[in-house]
Amino acid sequence: MSQYYDALETRSADERAAAIAEALPRQIRLAQAAPGYAGSLDDVDADQIATVEALARLPVLRKSELSRAQKANPPFGGFTAKPAHEFAHIFQSPGPIYEPGGVGHDWWRMGRFLHAAGIGKGDIVQNCFGYHLTPAGMIFENGARAVGAAVLPAGTGQTELQVTAAHDVGSTAYAGTPDYLKIILDKADEMGVKLNFSKAVVGGGALFPSLRQEYADRGIACLQNYATADLGNIAYESPAMEGMIVDEGVIVEIVTPGTGNPVAPGEVGEVVVTTLNPDYPLIRFATGDLSAVMEGQSPCGRTNMRIKGWMGRADQTTKIKGMFVRPEQVAQLVEKHDEILKARVIAARDGEMDAMTVQIESTAQDPSTFAKSVVEVLKLKGAIEIVPPGTLPKDGLVIEDRRKYD
């Protein structure tokens, strides 16, 4: 197995800049032809946008704008280069936000990450990302196909069946959120079943050092990546585990949150991504995530820019158990019940796993009254605490992340 997925990973800075100079104007022209960009890119000379520095002159596209456009022009808001029926898949993420999906070779560019993790022909990937409506399951399946690995489409939940399947088919690699693998391994220990996992590729949440070490102690090499439903793979770890290497199919900028202005090298800012996917030409798409550029290049020999990985959110939107929870959803929960005066979602850790608590200001007595609505609106189960009216802090927060990332 070659160390690198392809020759793109070891290009010189000049070679990469030359490739961007060719690809970026082409991508701008694709965007200009999409009705979603009408008014924002009309006066742009695509041929003049041939460098990352020139790209910084263009407006930033935010998820809130994409959401509004999708409501007016469903399902994709006019931002794709072809109609919805020509895509292989249409996904729905919380919001709701709709994303297109393809089944062409490495359409989501996840194969590069899996290859870096040592996954390829001969491996069976137990894919524990969700396959229902949201795209993560298909994103990782597409990547596994790109590297020649077989896939057990396990999805989430039913842990005993996960253990049985992993044992029976001989799964060698895990794909899923960082903490769910521990649940499977602990259940296997409880059942007295030996599993063959030696590799793990994780995303959708923070991989805490203590959890990575626990997997290493079990003989499982665990690497993480940074991806979104809209953009696919953005950056990924290599075995060097020194930052995340930016994928070759995107251009990443770090900007001052709420603006499109690049920060000074090394400073923390919002991740803004331009994808070179011709089917879905997102230009300067603001992820809402915080990160920073790392100096130098990875010791593994890959030469693209590195970022420090996920360092929090530029807004209050928070990822819990692999799912985004947005302030708008908390507002929907409050609106759903006359008895709810105010609500606050708290993300915390329970051992090595994410935990969610929903605090509700109400005169109601029974938390179970709101359990069904919490799942329907937030798409997650969590503990519900009723607190007296006027109890919650008046600090503007509706989502509080108490997890520590160091």
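**Exercise 1. State how many salt bridges the rule finds across the interface of domain 1 and domain 2, and characterise that interface.**

Solution. Across the interface of domain 1 and domain 2, the rule finds zero salt bridges, a salt bridge being a side-chain nitrogen of Lys or Arg within 4 Å of a carboxyl oxygen of Asp or Glu. The model is predicted: local features need pLDDT of at least 70, side-chain atom pairs count only at pLDDT 80 or more, and totals for chains, interfaces and linings use all residues. Residues are numbered from 1 along each chain as its sequence is written, and side-chain values use heavy atoms, with hydrogens and water left out.

Step 1: elements and classes. Helix H7 (180-191) and helix H8 (209-217) are the elements that give two or more residues to the side of domain 1 that touches domain 2; helices (H or I, at least four residues) and strands (E, at least two) are DSSP runs, numbered from the N terminus. That side has six nonpolar, six polar and four charged residues. Here Ala, Val, Leu, Ile, Met, Phe, Trp, Tyr, Cys and Pro count as nonpolar, Asp, Glu, Lys and Arg as charged, and the others, Gly among them, as polar.

Step 2: bounds. Domain 1 covers 13-313 and domain 2 covers 318-401, with bounds from an automatic or database domain assignment. Their C-alpha centres lie 28 Å apart.

Step 3: contact and area. In contact (heavy atoms within 4.5 Å) are 16 residues of domain 1 and 15 residues of domain 2. The two domains bury about 1,300 Å² between them, 59% of it on carbon and sulfur atoms; buried area is the accessible area (1.4 Å probe) that two parts lose on being put together, summed over both.

**Exercise 2. Determine how many salt bridges the structure holds, and examine the pair Arg112 and Asp6.**

Solution. Step 1: the structure holds 28 salt bridges. In one of them, the side chains of Arg112 and Asp6 meet at 2.9 Å, N to O.

Step 1: Arg112 lies in helix H4 (residues 111-116) and Asp6 in the segment before helix H1 (13-32), so the pair ties together parts that are 106 residues apart in sequence.

**Exercise 3. Derive the strand order of the open sheet of four strands.**

Solution. Step 1: the order is E1-E13-E12-E11, with mixed pairing; two strands pair if DSSP finds at least two bridges between them.

Step 1: strand E1 (61-62) and strand E11 (250-255) are the edge strands, each pairing on one side only.

Step 2: E11 and strand E12 (residues 269-275) run antiparallel and are joined by six bridges. Ile254 stands opposite Val271 in E12.
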